[in-house]
Every structure is written in C-alpha cells, then in structure tokens.
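The following exercises concern the structure shown below. Each consists of a task and a solution worked in steps.

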Amino acid sequence: YRASVFDPLESRYHYAIANTEMLLSNSNLSLDRYRKDFLQRLYRISPPESNNTVALSHYRRAVEMNPTNGEYLQRLGLLLSGFKEYGKAERLLQAGTRYDISNPVRFRTYASWLLSQGENDIYLPFPILNFLFPSLF
C-alpha cells in the first residue's frame, strides 16, 4: 500500500495489492491464522470478507493506469467473472489476447475461461499461424 502512495502513477503496485487481497481471500490456501493476521497487520489489508471487493478496485485502478497490459486485463476479467459479470469478463479476456498477442498464456487463459463457461467450439484468432500455415485454418 505504501508504494502505491509514494508512486501513484505506477500500475504494478495496485496490481500487487490486488493479488495480495486475492491470496488472502482464498480459503483453500494453507495460510495459517497467525500468518494471515500478520500479513493483514503488516500491509494494512482489509478484513477477509471484503478482500474481493478491494482486489476489484485495485485491479480496475491498475487497468486504468495501464490499459494495454494483457495480464491486468485478464485478471480483472477473471475476477469480474467471479462476480457473475460475464459479458464484461469476456470482453476483458479478449482484450488481453489482442494487446498481448505474442504471449500464449493470454490465449490459454481465455480458452480455459471459455471452457469453464461451457463453450465447446472455441476459435482463437492466431493471425501469425494463419499466415504461416494457411492450409490448417
């Protein structure tokens, strides 16, 4: 939190805060109670019931500061999907593939999300593959 105050124009700090909030809200992790309390006191993190809401605001802030970062866009999309805002989530996940077209993780993330939504026919635009192997597509 402190770094985001001292350097308010850097998107990485908001992204890191959002990731920490998501980590603390995930009850499946093996963080024991004392470690979780320590992290919350150290970083002045909000109570566990509001972690997702705080993470959402920081992911949004990171995307506002760096709107062409595919990873930020997709993380925000995945979180919005958790809030059942599927239309916005899909647009953000698609935007992540458009802005970071050379990173296969962006396409894998989007495809995984589509499969989790019950989509069976997935078409991901791979322009470079269309150019290199026109007979495959």
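**Exercise 1. Overall make-up**

State what share of the contacts with a separation of 6 or more joins residues 24 or more positions apart, and then describe the secondary structure and the burial of the protein.

*Solution.* Step 1: a contact requires heavy atoms within 4.5 Å. Among the contacts in the protein with a separation of 6 or more, 49% are between residues 24 or more positions apart.

Step 1: the model is a predicted one, in which local features need pLDDT of at least 70 and side-chain atom pairs count only at pLDDT 80 or more, while totals for chains, interfaces and linings use all residues. Residues are numbered from 1 along each chain as its sequence is written, and side-chain values use heavy atoms, with hydrogens and water left out.

Step 2: helices and strands are DSSP runs numbered from the N terminus (H or I, at least four residues, for helices; E, at least two, for strands). The protein has eight helices and zero strands, in the order α-α-α-α-α-α-α-α from the N terminus.

Step 3: relative accessible area, computed with a 1.4 Å probe on protein chains only, defines buried (under 20%), exposed (over 50%) and partly exposed (in between). Of the 137 residues in the protein, 32% are buried.

**Exercise 2. The packing of α2 and α4**

Determine how the axes of α2 and α4 are oriented and which residues meet.

*Solution.* Step 1: axes are lines fitted to C-alpha atoms, for helices over the stretch in contact, and angles run from 0 to 180 degrees between N-to-C directions. For helix α2 (residues 11-25) and helix α4 (residues 51-65), the axes come within 8 Å and cross at roughly 160°.

Step 1: angles over 145 degrees count as roughly antiparallel, under 35 as roughly parallel, 65 to 115 as roughly perpendicular, and the rest as oblique. The two helices α2 and α4 are therefore roughly antiparallel to each other.

Step 2: a crossing is left-handed if the near helix is turned anticlockwise from the far one by less than a right angle, and right-handed if clockwise. That of α2 and α4 is left-handed.

Step 3: the α2 side of the contact includes H14, Y15, I17 and M22, and the α4 side includes N52, V54, H58 and R61.

**Exercise 3. N52 in detail**

Which residues does N52 contact, leaving aside its neighbours within four places in sequence?

*Solution.* Step 1: N52 lies in helix α4 and is partly exposed, at 31% relative accessible area.

Step 1: with those neighbours set aside, N52 contacts M22, S25, L79 and F83.

Step 2: the C-alpha atoms of N52 and E21 are 6.7 Å apart, although 31 residues separate the two along the chain.

**Exercise 4. Salt bridges and burial**

*Solution.* Step 1: a salt bridge places a side-chain nitrogen of Lys or Arg within 4 Å of a carboxyl oxygen of Asp or Glu.

Step 1: another joins E64 and R61, with the closest N and O atoms 3.6 Å apart. E64 and R61 are three residues apart in helix α4, and so about one helical turn separates them. E64 is exposed at 56% relative accessibility, whereas R61 is partly exposed at 34%.
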